[in-house]
Each structure stands twice: as structure tokens, then as C-alpha cells.
Amino acid sequence: MNLLLLLPACSALGYVLAVLLLKRALSAGCGQGQVNLVANLVPGLLFQILWIWSSGAHWAQIWQPAVAAGTFLLGQICTFLALRHG
């Protein structure tokens, strides 16, 4: 059995655990803005450091990660709204 087939299963399991924890945090009184800030700030800082340390930053191509981050943020806000009101 190819171990790469376990990656989607681990991803799905991680997403389900994250959604359960998010739902619990939102029902315990955490604000949607607080949860969204922490959920984006921690990975953003981590990947920014890794991106600069890897093969060097290509500043002419900064628009591509910016567009990807913007669409990811929009999807995450919609997910939080669905968890809060759904």
C-alpha cells in the first residue's frame, strides 16, 4: 500500500478535529474575529519565515501568494460563518 494514500485521510481527520475545536471555541464565547486572527496569524508567520529561509524570496512574484492567501482567507471566513450560524 502506498503511504501517499494516507495523506488525504490524515488531512480529512485534521480538518474534522479542527472544525470540532472551532465549534467548541465559538460556543464557549470566543469571538469569530479572535479565532480567525489566531488561525491565520500562526501559520502565516510560520510559512513566511520558511519562505524567506528556503531558496530566497522572489519579490517580483509576491502577488501569487497574496492572491492565494486572500482566497484562503475568504474561504475561512465563510467556513467560520457557517460554523457560527449553521
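How many disulfides does the count come to in this structure? The answer is 0. A disulfide is a covalent bond between the sulfur atoms of two cysteines. The model on your screen is predicted, and the tour below goes through it stop by stop.

**Stop 1: the cysteines.** Select Cys 10 and look at its surroundings. Cys 10 is exposed, with a relative accessible area of 51%. Now select Cys 30. Its relative accessible area is 33%, and Cys 30 is therefore partly exposed. By the rule used here, the disulfide count remains 0.

**Stop 2: the whole chain.** Switch to a cartoon view. The protein chain has 3 helices and 0 strands. Followed along the sequence, the pattern reads α-α-α. The radius of gyration of the protein chain is 16 Å, well over the 12 Å that the globule rule gives for 86 residues, so the chain is more spread out than a compact globule. Turn the model to see its extent: along the principal axes, the C-alpha trace spans about 40 × 40 × 20 Å.

Next, show the surface. Of the 86 residues, 9% count as buried.

**Stop 3: helix α1.** Select residues 6-27, which make up helix α1; Tyr 15 has its place there.

**Stop 4: helix α2.** Move to residues 32-53, helix α2, and select Trp 51 within it. Is Trp 51 buried, exposed or partly exposed? Trp 51 has a relative accessible area of 28%, which means that it is partly exposed. Then select Leu 5 as well and draw a line between the two C-alpha atoms. Trp 51 and Leu 5 are 46 residues apart in sequence, and their C-alpha atoms are 27 Å apart in space.

**Stop 5: helix α3.** Finish at residues 63-85, helix α3, where Gln 76 lies. Gln 76 counts as buried because its relative accessibility is 12%, and the cut-off for buried is under 20%. Which residues is Gln 76 in contact with, leaving aside its neighbours within four places in sequence? They are Asn 36, Ala 39 and Asn 40. For the chain as a whole, take the contacts between residues at least 6 apart in sequence: 78% of them join residues at least 24 apart.

Notes: Residues numbered from 1 in each chain as written. Predicted model: local features only at pLDDT ≥ 70, side-chain atom pairs only at ≥ 80, totals over all residues. Heavy atoms only, no water. Helix = DSSP H or I, 4+ residues; strand = E, 2+ residues; numbered from the N terminus. Disulfide = S-S within 2.5 Å. Buried < 20%, exposed > 50% of the residue type's maximum accessible area, 1.4 Å probe, protein only. Rg over C-alpha atoms; globule rule 2.2 N^0.38 Å. Contact = heavy atoms within 4.5 Å.
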